[in-house]
Amino acid sequence: METQDEKSERERSVPPIVAIDGTAIKRIREAKKLTQLYVASVVGVTTDTISRWENNRYPTIKRDNAEKVATALEVSLEEILKPEPVSEPEPEPEAVPMLQPPRKQRLAPLVLAVGLGTLLVALIVGAVLSRRGAAELVATRVLPPFGAPGQLVPVQVKVDRRDGEKSGFIVKERIPAGWRFVASNPPVAGEAGEREVKWLIPPGGTGPVTISYTLTAPRTLLLGSQADFGGEVILSHGKATRRGIIGGPARIVVNGRHWADTNGDGRIDDNEIMPAYYLCEEMKGLGLDWKTIETIWSGAGYTWNDKLKVFEVVK
């Protein structure tokens, strides 16, 4: 069994700073159809910070932030770290004349760089070609990472219309089983179903289209459970019908946290209050309780009373 001294020594050996692989973070996030906003919410930083990490603007970050990134991406920490270990910079030794390396060794980095450049160009060209004939709509879901039983949750679907004719389209959202649809802007087409909600967006208009709606989680949900979303956008252009999957986050963790508490630390801080305010203003009339949010922000935090299914403010 590990002694206390051995445990302390092991903890001291863990570097507080780690070297992240921004390219791997971006690749994993996009493969899982997660937005920078979602990852930023889990880590507790801004989307600009996530963008800088993915572009390797900050090659090293705090280990606890790297662990939060790995949690958001649902991968192990090692998958987003660079293979070489991080070490403190050592003083440079005195200059010592060195022999010129063989020509093959000098050429190896150049050949490797040319090869990687060629591969990158091929991937970009392939991505551009693969988009030809694809749906001319890009839809992204904006979803809070956390929720609580019996409480309201805001959801948005942002659609970027990229076709020149501004064609009409259909949005279908598959909501979690047992969750109750409350209201939306624009209104739904027909009646909201138990598992599927539809919107019909007419042709015309300029710029992106935002669909906002609210749901109520079942009171019987167990803390620690998960709720999954899904959806598609459908574009009819002449005789052709094109379909695309709605990207972005697709899961809410039911853990007794308020939806505005995006980092799940049991309080709504200064970094979270303004996004919550803007969202409440944008979704006015859809049932969001701004007064409770403001009260939690003004206090020292909040706790979840699972028996009464309410948030209790810590004074």
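Mentor: Let us begin with arginine 141 and glutamate 173, whose side chains form a salt bridge with an N to O distance of 2.7 Å. This pair links distant parts of the chain, since arginine 141 lies in strand β3 (residues 137–142) and glutamate 173 in strand β6, 32 residues apart. Please bear in mind that this is a predicted model.

Trainee: Is arginine 141 buried or exposed? And is glutamate 173 buried or exposed?

Mentor: The class follows from relative accessible area, with buried meaning under 20%. Arginine 141 has a value of 1% and is therefore buried. Glutamate 173, at 0%, also counts as buried.

Trainee: Which residue does arginine 243 pair with in a salt bridge?

Mentor: Arginine 243 pairs with glutamate 232, and their closest N and O atoms are 3.1 Å apart. Here too distant parts of the chain are linked: arginine 243 belongs to strand β12 (residues 240–245) and glutamate 232 to strand β11 (residues 230–237), eleven residues apart. Arginine 243 counts as exposed because its relative accessibility is 51%, whereas glutamate 232 is partly exposed at 21%.

Trainee: What separates arginine 63 and glutamate 67 in helix α5?

Mentor: They are four residues apart in that helix, so about one helical turn separates them. Their side chains meet in a salt bridge at 3.4 Å, N to O. Arginine 63 is partly exposed at 22% relative accessibility, as is glutamate 67 at 37%. The count for the model comes to eleven salt bridges.

Trainee: Which residues of α3 and α5 meet?

Mentor: From α3 come Tyr38, Val39, Val42 and Val43; from α5 come Asn65, Lys68, Val69, Ala72 and Leu73. By class, this contact has seven nonpolar, one polar and one charged residues.

Trainee: At what angle do α3 and helix α4 pack?

Mentor: The angle between α3 and α4 (residues 47–54) is about 105 degrees, with axes 8 Å apart. Hence α3 is roughly perpendicular to α4. Among the residues in contact are Leu37 and Ala40 of α3 and Ile50 and Trp53 of α4. The contact of α3 with α4 divides into six nonpolar, three polar and one charged residues.

Methods
Residues are numbered from 1 along each chain as its sequence is written. This is a predicted model: local features need pLDDT of at least 70, side-chain atom pairs count only at pLDDT 80 or more; totals for chains, interfaces and linings use all residues. Side-chain values use heavy atoms; hydrogens and water are left out. Contact means heavy atoms within 4.5 Å. Helices (H or I, at least four residues) and strands (E, at least two) are DSSP runs, numbered from the N terminus. Ala, Val, Leu, Ile, Met, Phe, Trp, Tyr, Cys and Pro count as nonpolar, Asp, Glu, Lys and Arg as charged, and the others, Gly among them, as polar. Axes are lines fitted to C-alpha atoms, for helices over the stretch in contact, and angles run from 0 to 180 degrees between N-to-C directions. Angles under 35 degrees count as roughly parallel, over 145 as roughly antiparallel, 65 to 115 as roughly perpendicular and the rest as oblique. A salt bridge is a side-chain nitrogen of Lys or Arg within 4 Å of a carboxyl oxygen of Asp or Glu. Buried means under 20% relative accessible area, exposed over 50%, partly exposed in between (1.4 Å probe, protein chains only).
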